[in-house]
Amino acid sequence: MPTYVITGANRGLGIEFVRQITQDSSNTVIAAVRSLQGELDDLKQLASKTSGKIHILECNTGDLKSIHSFGDAIKKPLDGKKIDYLLNNAGINATSEQTSLDITAESLRNHIDINVMGPAETVKVLLPYLGKGSVVLNMTSGLGSCGKKLPKCTTYSISKAAVNMLTVHQGEQLKDRGIKVMCMDPGWVKTRMGGDGAILEPEESIGGMLKVVHNLKDEDSGKFYTYTGEEVPW
């Protein structure tokens with residue numbers, strides 16, 4: 001009976017993760033959201049249909065205190081079980097118009113806090129609940145690949161390149177515990193963050209990512225994949 005923890009679970013890619021994972025009634029989902037006073041109607045509706053298999057907890061991944069409070073709150077729904085899959089999905093792309101020629105320190109700090117320190121601190125706080133066979137997914141983007149040379153959304157791209165390096169380090173430092181870590185590009189998905197022009201339906205992206213995550217081998221840890229399972233150039 002696998003247990004999944006998903007950050008940013010109330011909309012976009014996050015809620016589609018919840019929707020697909022809970023189609024199997026043996027799965028338990030701990031759905032972390034930025035605020036319990038936020039936009040939760042769709043998530044609560046899903047939870048009402050799953051007989052206690054979805055637990056909604058607050059975790060603002062841009063706030064270290066909130067992440068630590070989440071680490072305490074998660075003990076009850078876990079009830080002694082380990083986390084099988086930690087999906088670090090929460091993130092922002094708040095200043096997509098900025099380029100390398102007008103990037104601001106304030107925006108970069110904000111993106112690093114949420115997109116990099118968020119998943120870093122979440123893994124640190126939840127480490128007692130991760131163990132042999134656990135998988136950590138850090139959500140990244142093709143824009144974080146230096147090899148693809150896609151010069152747009154500069155602050156977001158820099159933060160995602162940093163997430164990729166974080167993944168490499170986590171993969172090395174957790175392999176002796178039997179924990180696999182990977183980062184994944186979900187594709188350009190039709191979500192609020194994806195914006196105009198997005199081409200991929202959430203169902204296809206999430207379905208592909210779950211297939212990759214569920215088939216990850218020890219030697220795949222620390223790697224960068226697309227939702228199709230194709231390895232991405234760093």
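Two strands are taken to pair if DSSP finds at least two bridges between them. In the predicted model described here, this criterion applies to strand S1 (residues 3-7) and strand S2 (residues 28-33), which run parallel and are joined by five bridges. Within this pairing, Tyr4 of S1 has Val29 as its bridge partner in S2.

Five of the five residues of S1 are buried, so the strand is largely enclosed by the rest of the structure. Both of its faces are covered, with Thr3, Val5 and Thr7 buried on one side and Tyr4 and Ile6 buried on the other.

At the level of the whole chain, the protein has seven helices and seven strands, which follow the pattern β-α-β-α-β-α-α-β-α-β-α-β-α-β when read along the sequence. The radius of gyration is 17 Å, close to the 17 Å that the globule rule gives for 234 residues, so the protein is as compact as a globular protein of that length. The C-alpha trace spans about 50 × 40 × 35 Å along its principal axes.

Of the 234 residues, 53% count as buried, a class that requires under 20% relative accessible area. Among contacts between residues at least 6 apart in sequence, 70% join residues at least 24 apart. The accessible surface comes to about 11,400 Å², and 51% of this area belongs to carbon and sulfur atoms. As for charge, the protein has 26 positive and 27 negative side chains, and the centres of the two sets lie 3 Å apart.

Conventions: Residues numbered from 1 in each chain as written. Predicted model: local features only at pLDDT ≥ 70, side-chain atom pairs only at ≥ 80, totals over all residues. Heavy atoms only, no water. Helix = DSSP H or I, 4+ residues; strand = E, 2+ residues; numbered from the N terminus. Rg over C-alpha atoms; globule rule 2.2 N^0.38 Å. Buried < 20%, exposed > 50% of the residue type's maximum accessible area, 1.4 Å probe, protein only. Contact = heavy atoms within 4.5 Å. Areas by Shrake-Rupley, 256 points an atom, 1.4 Å probe, with all protein chains shown as cover. Lys, Arg positive; Asp, Glu negative; His and termini not counted. Charge placed at Lys NZ, Arg CZ, Asp CG, Glu CD.
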